[in-house]
Amino acid sequence: MGMTIAQKILKAHLVDGEMVQGQEIGLKIDQTLTQDATGTMAYLQFEAMGVDQVRTERSVAYIDHNTLQSGFENADDHKYIGSVAKKHGIYYSKAGNGICHQVHLERFGAPGKTLIGSDSHTPTGGGIGMLAFGAGGLDVAVAMGGGAYYIPMPKMVRVNLTGKLSPWVSAKDVILDVLRQMTVKGGVGKIVEYAGEGVKTLSVPERATITNMGAELGATTSIFPSDEETRKFLEAQGRGDVWVELSSDPDAIYDEEYTVDLSALEPLAAMPHMPDNVKKVSEIGNIKVSQCCIGSCTNSSYYDMMKVASILRGKTVHPDVSLTISPGSKQVFNMLAQNGALADIIAAGARILECACGPCIGMGQSPESGGVSLRTFNRNFEGRSGTQDAQIYLVSPEVAAASALAGVLTDPRTLGDMPEIKMPEHFVINDNMIVKPAENPAEVEVVRGPNIKPFPLGKALEASYSGKVVLKTGDNITTDHILPAGAKLLPYRSNVPYYSNYCFINVDPEFPARCREQGGGIIVGGANYGQGSSREHAALVPLYLGVKAVLCKSFARIHKANLVNSGILPLTFADPTDYDAIQLLDDISLPNVLEEVKNGGQVTVVCGDRAFKADCEVSDRQRGALLAGGTLNYAKKNAQ
């Protein structure tokens, strides 16, 4: 039987387990990346492991999230990350060099390699044929120390691309159509592989847009073949030597198949407040727009920016619209400046932001109250922009630029002939904002600022537990719901005690105080609990507040792994109807939890006068971690 691209890379990197669907497998990791919102905690955990030098082929620390320095906190985190990187063999991409996923694609990614990053959009690397996973910071720390990365063996999904994109239709519309077909829960436990004749019509930046936003499917990762387009891109980046050809076998078997006819697509938009709430721009109508933001790791490539410049050239942004442009990397910014495209963008009245995540994570540019903001980003969760009642639409750069000129949501096909944008034969290569590790690491002192606090550690599982239901939520709770991002809170990612004051505040403002009053408790949730970003703080902060277990209908993959890493029990209802009978502040207990988890059986839950069963579906390795109170405790115990 033939193999898919993903299966071939998995087999080549398998160090533990068997490639049997649903069973846990351990993978050798070639590369890692972190960003500064998650990096401080990842490196604190790496230091706690006592490993002197990273054991990967390449590990890179990027500064791209917390670049608004309104106090000492972010700058201190950057100083810490830079010093840790220098001491432990990690490359350090300074603030201003660009967004981690864009820069990694340009300068470090390689087909056939494995990559994990402490950011959920790490699957961007699948655009060049990498097997790239978003993960929690502790998983990245373990990989940097030479340990395996563990996932359940995924199902394989094939998305057949036929035809060719019509003028003014883009890769963003492809992934929006896939989201429309599969939903934000449809990719859980699956690797999405793109195939078919339409693949060769897409450039690497277009492919990377699709794999990047595949994270919103809940997918383990997404991947494209490595072909002549991949080779041309890598050669243009001066890295043709890392290219290898990768394709699936003709007789490879997939668990699911979808088809996207590229030629039949038209401009799409994800409406508030979920990436799969997709409609045609032509159907939504000419709604008034107050803001357009172009950039993010989804749509900030040179290719995207050149399309925007061509639309804006010689025109003026509508007086009622604020248009912001965030180039994805210094390379992109530099090339736009050299070829005059930047001047066209500036002349049109756009506001140029730095090469960073910026508005995508609520780091500035929050819309007006109730404002409509069109964004080329990957998430439009309620409140993520920094304005709770803003109406956020996810669109392509073409739609955003056309709408910025018109002042209303606009189908770019009304602009006439689409300018032809060609990929450059040679990109500008200047890595002077990437700091290499120290040649004499023993001489490097790691610098820790006063905002950097120790991270919480779980305690070994006790025989039983009794407490209260401290929160009950609905479906599709995101990590933004659990712990908001944004300019006001992101500086405290390295200070869990302070950050804990904001846990779930946009869902239930009383949650932090209730947890302290009750001494912790159990959270009850709906389906797809923990979707969204890889932020392990969404597990670490509840741990700090005394949360012992999360009982829900289903989990998003990364968050479930983060809960286990922290020592919080991830439980799912054996009968989902039991969810309906539970109320906030009900007495709840797990009377035999230690024995039941140890033996791998169902966990008995007693809530009020009712008893029912919950599943604790974890691997033997994860079970050991839960019994020990988390993965770090488990690793230390096994090292003795």
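How many of the residues of H13 are buried?

Mentor: This is a predicted model, in which local features need pLDDT of at least 70 and side-chain atom pairs count only at pLDDT 80 or more, while totals for chains, interfaces and linings use all residues. Residues are numbered from 1 along each chain as its sequence is written, and side-chain values use heavy atoms, with hydrogens and water left out.

Of the 10 residues of H13, 9 are buried, where buried means under 20% relative accessible area with a 1.4 Å probe, counting protein chains only. Helices are DSSP runs of H or I with at least four residues, strands are E runs of at least two, and both are numbered from the N terminus. The buried residues are Pro397, Glu398, Val399, Ala400, Ala401, Ala402, Ser403, Ala404 and Leu405. Their cover includes helix H9 (281-284), strand E15 (291-294), H10, strand E16 (322-325) and strand E18 (372-375).

Take H10 (residues 302-312) from that cover: its axis lies 9 Å from that of H13 (residues 397-406), at an angle of about 25 degrees. Axes are lines fitted to C-alpha atoms, for helices over the stretch in contact, and angles run from 0 to 180 degrees between N-to-C directions. H10 is therefore roughly parallel to H13, a term for angles under 35 degrees. On the H10 side, the contact (heavy atoms within 4.5 Å) is made by Asp304, Lys307, Val308, Ile311 and Leu312. H13 contributes Pro397, Glu398, Ala401, Ala402 and Leu405.

After H13 comes Gly407, with a positive phi near 85 degrees.

Notes:
Parallel < 35°, antiparallel > 145°, perpendicular 65-115°, else oblique. Buried < 20%, exposed > 50% of the residue type's maximum accessible area, 1.4 Å probe, protein only.
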